Amino acid sequence: MPFLHTSMACMLAAALMSLPALPVQAADIADTSGSDDSGRLAASAKSAESSEFPESFISRVSLDHQHSLRTEFWSGDRLLSDQGSLLKASLWSQLKVDTGDAGQILAKGWLRQQSSQHVSVPAPARGALRELYWRFQAGDMQLRLGRQLLAWGRADGVNPTDNLSPRDFRLLTPEDSDQRTGSNALQLIFNSSAGQFSLTAMPALNSHRLPLPQVTGIQLVQAEAEHQRAFALKWDYSGEGLDASLSVMRGPDLMPGLNRVSMTAQGLQLLLRPARATVFGADLSATAGGLIWRAEAAYSRYTDSVSADSVAMLQPKRDQWMLVAGPEAELGGSTTLGVQLLMQQVRDWRDPADLPDTLLHRLAMQQAAFQNQTRASQTGFTWRLATRKLNDSSLAEVSGVMLAPQRAGLWRAKVDYALDDRWHLQGGAERYFGPRSHFFGQLKDNQLFYLQLRAGF
């Protein structure tokens, strides 16, 4: 796959030269500013002797990079289509440029080539620049500017406070974290003895990208959250045996809903756009009694979720609160089990089944499914059982979520085996279940299994 490697390198190099955007977590790429990179930088330093930059500046620049080349077989896509099996090759890269006193530049991105059998299936994206930001430290203050991945929450799997990191649920990748897409943001971070305080401002925060069902006579269109700014404040505390945070976010909801209904020459058109949300969140992680306890809660208020010309046909998203809490235990050896209780309560909920008109009932049920507000109350649990064997060279994991009273949810299984320090072989499967009117049930056609061979370098 040399063309993928070369294309990714060119894309990241061009982006860095233009210095557009920013952040990623600092721990994502190891800090190699103190390592011996002189051999790697010798050629660039020599060619820069006659440039405008002084030699002392060039000598302070260090570069760290990591890449992952992946070849995969998938039994289908994640577009709710009848797409058959397909093959995919991709290159995932991340790099860090440390310029010393001038700060660091961090970037992440991927390129892929994927087979496709049906012209009705939209062509997949060929690549994405997930992160590209500049990070500058001045004493206790840190500035991050650019395209960033901002993942919030300490619960396992379901995170009610994770409202700044949109995902593309259509992307074929075994890991949930790889579905995250970055957003342009300015972030100020202040570290003190009382904890870490952060302020985040985004000019436009887009919502999750969802697979949309194909319905005869109905066209579903997802619109971006254009000009919907987002602001967030967060306090983080880390102490001995306890991590916690409090946060508030004002901006577009990550989960889009039906915003407007209109008639076109092609039939009924349903526009999906996110509601305006204010989310108050809290989370904690604590060690006690030999267990790791995690809890996360959020109260969300919504406004302007439905256009004025569609109020009679659609229900706006209702205010709600959600709680996820539970322990993780070691069962002996390298086996862990985590179980969490999940609760959701929707205020002033109205049953879509009460609508007499067939069309209104159908639209209301679809709206409730998109927004995951199919009941006034939902209770369930998440689980994750994982074990490592063969001197930690193999990992087997089963996880999922189950919601009542509709018995809807998702389960996943995967096995990852390290052939050596560079090569990994992974296989897995995922299955959605529940009634079609539920958020998970509408994704039933995305039952998949996969095989992946990846190499890191």
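1. Basis of the note. This is a predicted model, in which local features need pLDDT of at least 70 and side-chain atom pairs count only at pLDDT 80 or more, while totals for chains, interfaces and linings use all residues. Residues are numbered from 1 along each chain as its sequence is written, and side-chain values use heavy atoms, with hydrogens and water left out.

2. Overall make-up. The chain has four helices and 21 strands; helices (H or I, at least four residues) and strands (E, at least two) are DSSP runs, numbered from the N terminus. Of its 457 residues, 47% count as buried, where buried means under 20% relative accessible area, exposed over 50%, and partly exposed in between (1.4 Å probe, protein chains only). The accessible surface comes to about 22300 Å², and carbon and sulfur atoms account for 58% of that; such areas come from the Shrake-Rupley method with a 1.4 Å probe, and for residues only the protein chains shown count as cover. A contact here means heavy atoms within 4.5 Å. Among contacts between residues at least 6 apart in sequence, 63% join residues at least 24 apart.

3. A nonpolar core is a set of buried Ala, Val, Leu, Ile, Met, Phe, Trp, Tyr and Cys residues joined through side-chain atoms within 4.5 Å. The largest has 26 residues, and those with the most contacts inside it are L220, L258, L270, F370 and F440. Two or more residues come from each of β8 (218-222), β11 (257-264), β12 (267-273), α4 (358-371), β18 (394-404) and β19 (408-418). Strand β12 gives the most, with three residues. Not counting residues up to four places away in sequence, L270 touches I218, Q219, L220, V221, L258, R260, V261 and L363.

4. In soluble globular proteins, nonpolar side chains tend to be buried together.

5. Aromatic pairs. Rings of Phe, Tyr and Trp (its six-membered ring) pair if their centres lie within 6.5 Å; planes under 30 degrees apart count as stacked, over 60 as edge-to-face and the rest as tilted. F73 and F449 make a tilted pair, at 6.0 Å centre to centre with 50° between the planes. This pair links distant parts of the chain: F73 is in strand β1 (residues 62-74) and F449 in strand β21 (residues 448-456), 376 residues apart. F73 is partly exposed at 28% relative accessible area, and F449 is partly exposed at 46%. The rings of F439 and F440 have centres 5.4 Å apart and planes at 75°, so this pair is edge-to-face. Both F439 and F440 are buried.

6. Strand β3 and its partners. In strand β3 (residues 104-114), 10 of the 11 residues are buried. Strands pair if DSSP finds at least two bridges between them. Strand β2 (residues 86-98) runs antiparallel to β3, with 11 bridges joining the two; K96 has L106 of β3 as its bridge partner. The hairpin of β2 and β3 has five residues between the strands, and G100 there takes a positive phi near 75°. On pairing with strand β4 (residues 127-138), β3 is again antiparallel, over eight bridges, and W110 has A128 of β4 as its bridge partner.

7. D178. This residue is in the loop between β5 (141-148) and β6 (183-192), and is buried at 12% relative accessible area. The side chains of D178 and T173 are joined by a polar contact of 3.4 Å; a polar contact is a pair of N or O atoms within 3.5 Å, and within protein one must be able to donate a hydrogen and the other to accept it, with residues adjacent in sequence counting only if both atoms are side-chain atoms. Leaving out residues up to four places away in sequence, D178 touches R70, W92, R130, L171 and T173.

8. Backbone points to check by eye. A cis peptide bond joins A404 and P405, with omega about 10°; P405 lies in the loop between β18 and β19. R407 is in the loop between β18 and β19, has a positive phi near 50° without being a glycine, and is exposed at 64%. N391, also not a glycine, has a positive phi of about 55° and is exposed at 81%.
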